[in-house]
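Hi,

Here is the structure we talked about. Please open it and keep it beside you as you read.

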Amino acid sequence: MFRLEARTSTPAWFNLALPLLAIGATLILCSGLIALAGAGVVEAYGVMFSASLGDSYAITETLVRAAPMIFTGLAVAVAFRAKFWNIGAEGQLLAGAVASCAVGAIPMPGPLAMLLMALAGAAAGAAVALIPATLRVKFRVDDVVSSLLLNSVFFYALMALIEGPWKDSFSGYPISPPIEDTANFPVLLEGTRLHLGVVAALVAAPVIWFVVARTTLGFRIRVTGENPEAARYGGINVERVLISTALLSGALAGLAGVGEVGGVHFQVMSDISPGYGYSGIVVAMLARLNPLGVVPAAIFLAAVMTGAEAMSRATGVPAFLSDVIQGTALLAMLAALLFTAYRIRRVGATK
Amino acid sequence: MSTPAPLIEMRGISKSFGAVKANEAVDLSVAPGEILGLLGENGAGKTTLMNVLFGAYAPDAGEILVQGRSVAINSSADALAAGIGMVHQHFHLAPRLSVLENLLIGIPGRSGRIDRAGGLARLAEIGRQHGLTLDPDLPVSALSVGEQQRLEIVKALFRGARLLILDEPTAVLAPTEVDGLFSALRSMAAQGLGIIFISHKLNEVRALTHRCVVLRHGRVAGRVDAPASTTSSEMARLMCGHEIVPPARGPSMPGAAVLTLDGISTSHHSGMALRDVSLSVRGGEILGIAGVSGNGQRALAEVISGVRAPDAGKMTIAGKTVSRFSPSTVQALGLGRIPEDRMTTGLVTNLPLADSMVLPRIGTAAFSRNGLIKPDAIRAFAEAQIKAYDIRCPGPMTRAGALSGGNLQKALLARELAFDPKVLIVSQPTRGLDIGAARFIHEKFLDMRAKGCSIIVIGEDLEELLMLSDRIAVMYEGRIVGTLDSADASIARLGLMMTGAEGHA
């Protein structure tokens, strides 16, 4: 018989081992579904790998897809550090996309346009995140519920916009007018879609790590998240910290939307985000809320998404498997986190 | 007394955590009708041993016998089935449920329905037998700490416990409540139950127990067969391995008033509000605040710490009136604070110890500049304090929660004293600490007093207050009912004032 026993400390190598354990468990669990779909497990995962990380073009495609999830992953990681439960990165991303699209459609010099798009998108995301944070600080409204439900509000607000004032009057499709060509983010590698926003995402991770680990704001975020009472008694304005965290988190999620508009779609449509905001939660949890860990975690999920489409074409396994893998990875990681607090011990059988 | 067959026997129990041997070959037995004292300093292995008995840890070696039969106890359910009940230091109650509902948690009802009538009958019976009466319909949140503890004891008896383990039960009680607890425990023992009583307070152990086992460094350091006729200092020597001499308080040489409260009142909130409280503490003076807990001490500490703004009244620190109540403003005026509850309002258990040690002053030039923290300065500060206060831990980056209570208290003390506060407010400074650690804390307070610091000690341990304080003020129902020079004070007189008998004048 086995039982769980409380741990007194957590070894450092767990930070790396737990996500790998969770990913391994996920792939094993999901291989059952692949077999059920009538494909060879090794073949299917093989196609998935080669299509996402097998050659340099595949790698750039995976990175392009990872970029928004790095931003949303950072948004969630920062928020969860303060125990501000921001499940609303999806809505904040959409707000960022709409704001940057509106700015990008105004003719002006390219670099200025890109800068203003980023500022507008970040501000819009921050403004959206401010809603659940204010509700929590002022009225003690549960932030999980309010931030989650706001996602629907902003999704349908976006739909109203592209079905209404922004609707393409020529084709009648529900898509916004495109941004100016000069506002398109430059492509960094000829023949690929690797755009400036991807670099911005890769730079954002160490910057956010620095903010969390080395600034007084980061210190206050960590302390407030772990023990708000001790923080309050220690002279930290807990409410202000929560609001600051929400603004930072929302701005990061908004930047995810900016990158999609400026670097990938150049306009806004209903499926601009295939749930990148929600994937950010999986990314942040796999990264154990460490901003540096967000990058490999986002790349893993991006590889799964990119690879799943190719796998579907080659083996007939539905591409929805990528959603299953994401969900399973989150559950596996949550289960694996148990080992940070407990160890498994073998004991003699009960009488 | 002659020893009947043991109710419970632990033989050769060993338990290690990594390299730390928490228990090593410990033998212990309790006979029916016996109250066994379990003594030892913090970290001596008392809690680990009891957790083994209650099924939270599996021992590495050794066996447990219940009425002569070897049993495996792998969970608290196994322990309860074997007739072992435990009252933890931190209660395990559902605050929104009633007394009766808390009792019935986990008890199978009749055909899926809760057996309310049966529960009421059992509760009344237990109340009659041991004088442990409780209103079955009151929500737990409305009970005092003493009543919650009574409920925990009743809960164990309700589940048929024949052996009751109490982990420092008196740490949370007022002196009058202690008497009630002891008479209930004696009544239970008289009816054949076995009791293991864990405590640091030697006078209580001597008054209550029939026999004692003393642990030191995980091993049995000694057994005392007649605690009542053994002196406290003998027991202390067994626990620590050396003599403990209480520190002597030098003569009072108070200076000018440093902290004054003038007509402070707070509005109603959770807990007792303050009503027209005035007091002053001079430099080089220790003012004790005595009172049964729940009579406004918490509100007083919160106002002085700047966490709660009073509705009326004035507070000054070193001659400056506090105009805006916030922890950072009073701290800037020179206030240091040792909180009542280390874990909830003092430290951040999941972060490195160093973070907790700089928490109140992270914004100051010592630890940050232009919004960037100075990791090296923080670590160096923590390392220096760990050395100066002999805080036992692997290093400043250790998770604070991994430290023992005494070491955490030293860390909090170090964090405040390092900045030479003009006023220090402390609540229950040695609750749950062993003699050695308590002694250390007391010495530090007296050192600070000699340096001219004003110290307010809020406490329920009257012996401690009498030893430390120059003057003692007594709180009752949110007021200060009287202040005595400690030379004129006695436990009996303070105890009387704490019931509101004196004062209201």
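Predicted model: local features only at pLDDT ≥ 70, side-chain atom pairs only at ≥ 80, totals over all residues.

Start where the chains meet. On chain B, 32 residues are in contact with 24 residues of chain A. Three elements of chain B each supply at least two residues of that side: helix H10 (327–332), helix H11 (342–346) and strand S18 (372–373). The side of chain B that touches chain A has 18 nonpolar, 11 polar and three charged residues.

Now look inside chain B. It is divided into domain 1 (8–240) and domain 2 (257–498). Their C-alpha centres lie 31 Å apart. Across the boundary, 13 residues of domain 1 are in contact with 16 residues of domain 2. Helix H8 (residues 232–240) gives the largest share of the domain 1 side, three residues. That side divides into seven nonpolar, four polar and two charged residues.

Next, an open sheet in chain B. Six strands form it, in the order S6-S7-S8-S3-S9-S10, with mixed pairing. Which strands stand at the edges? They are S6 (84–87) and S10 (219–224) of chain B. Each has a single partner strand, so one side of each is left without a neighbour in the sheet. The twist averages 20° from one strand to the next.

S6(B) and strand S7 (residues 163–167) of chain B run parallel, joined by four bridges. In one of them, Gly85(B) partners Leu164(B).

H8(B) lies across S3, S9 and S10 of chain B, at about 35° to S9(B).

Best wishes

How values were computed
Residues numbered from 1 in each chain as written. Chains lettered and ligands numbered in written order. Contact = placed C-beta atoms within 7 Å. Nonpolar A, V, L, I, M, F, W, Y, C, P; charged D, E, K, R; others polar. Domains from an automatic or database assignment. Pairing = 2+ DSSP bridges. Axes fitted to C-alpha atoms, helices over the stretch in contact; angles between N-to-C directions.
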